[in-house]
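Have the sequence and the 3D view open side by side.

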Amino acid sequence: MSILRCEQLSKQYRMGEVTVQAVDSLTASFTKGEFCTITGPSGSGKSTLLHMLGGLEQPTSGTVYYDQENLFAYNDDQLSVLRRRRFGFVFQAYNLVQELTGEENILLPVMLDKQTPDKAYLAKIVDILGIKNRLTHLPSALSGGEQQRIAIARALANKPSIVFADEPTGNLDAHAGREVLSLLKHASSELGVTLILVSHDLNIAEQAERVIQLEDGKIVFDSASTGN
Ligand SMILES: Nc1ncnc2c1ncn2[C@@H]1O[C@H](COP(=O)(O)OP(=O)(O)OP(=O)(O)O)[C@@H](O)[C@H]1O
Ligand SMILES: [Mg+2]
């Protein structure tokens, strides 16, 4: 069952006289619960595509449907509520609030949404990610891998149906990167979350069930459509 779909999605950036076609009439669909990586060279449009799929950036043309609903037919407030409740985001720079402890960072999206934390669910995430003894620390007292695990817990805190991750291991060394990726993958599959992950690293891309490769804003390979 398709949970997310984009049709003829395009994004152009105008830089003075020059127009950059970052994403070019791209059509794709993502199945509930799948783990898909989007790979391709620098500048191929991976982040731009991910941001549009996650409703963070408006396309120049084309549509994104989440659960059959056109994301960009929502107004800004409706879209931010949908993003907060249904989507989780993980970025290369962990983007933790430095003044808050690990636990407070994880709870932030739940608090912002004025929801009551589901303690049992959060305990499960903390357990899967192995961060129980890191919850009272400030980000400055955590390693990069630990900060990213807190950021992943934060992305999962609102029980999203899709997690979007953009180069989540980009700031980590190879060992920490592998560990974070494997935890993100494990947490998503345990919780039935769809994971769409951008990485230019083929070792990472290969760990997904499905690999989409971009070049010049277009799909040049999709393992889902070749049966590979
Ligand atoms: N805000 C922007 N303004 C102008 N051009 C942009 C902007 N964002 C992206 N671009 C251009 O769009 C193209 C695609 O960029 P994008 O960041 O999506 O690539 P990417 O595949 O994520 O690259 P990387 O692997 O380096 O992160 C590039 O040519 C980039 O310069
Ligand atoms: Mg990028």
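Among contacts in the protein chain between residues at least 6 apart in sequence, what percentage join residues at least 24 apart? The share is 73%, where two residues are in contact if their C-beta atoms, placed from the backbone, lie within 7 Å. The model is predicted: local features need pLDDT of at least 70 and side-chain atom pairs count only at pLDDT 80 or more, while totals for chains, interfaces and linings use all residues. Residues are numbered from 1 along each chain as its sequence is written, and chains are lettered from A and ligands numbered from 1 in the order in which they are written.

The protein chain has 8 helices and 10 strands; these are DSSP runs numbered from the N terminus, helices being H or I with at least four residues and strands E with at least two. Its radius of gyration is 17 Å, close to the 17 Å that the globule rule gives for 228 residues, so the chain is as compact as a globular protein of that length. That radius is taken over C-alpha atoms, and the rule is 2.2 Å times the number of residues to the power 0.38. Along the principal axes, the C-alpha atoms fill a box of roughly 50 × 40 × 40 Å.

Of the 228 residues, 39% count as buried, meaning that 20 or more other C-beta atoms, placed from the backbone, lie within 10 Å of a residue's own. The largest nonpolar core has 54 residues; such a core is a set of buried Ala, Val, Leu, Ile, Met, Phe, Trp, Tyr and Cys residues joined through C-beta atoms within 7 Å. Among the members that touch the most others are Leu 53, Ile 152, Val 163 and Phe 164. Helix α5 (residues 144-156) gives the most to this core, with 6 residues. Leaving aside neighbours within four places in sequence, Val 163 has contacts that include Val 90, Ala 155 and Leu 195.

Phe 89 lies in strand β6 (residues 87-91). Why does Phe 89 count as buried? Because it has 21 C-beta neighbours inside 10 Å. Not counting residues up to four places away in sequence, Phe 89 touches Gly 54, Ala 155 and Phe 164. Phe 89 and Ile 152 are 63 residues apart in sequence, and their C-alpha atoms are 8.0 Å apart in space.

Around ligand 1 there are 13 residues, of which Tyr 13, Ala 22, Ser 42, Ser 47 and Thr 48 come nearest; a residue counts here if its C-beta atom, placed from the backbone, lies within 6 Å of the ligand. The elements that give two or more residues to this shell are β1 (2-15), β2 (18-31) and α1 (46-53). The most come from α1, with 3 residues.

Definitions and conventions. Buried ≥ 20, exposed ≤ 12 C-beta atoms within 10 Å, placed from the backbone.
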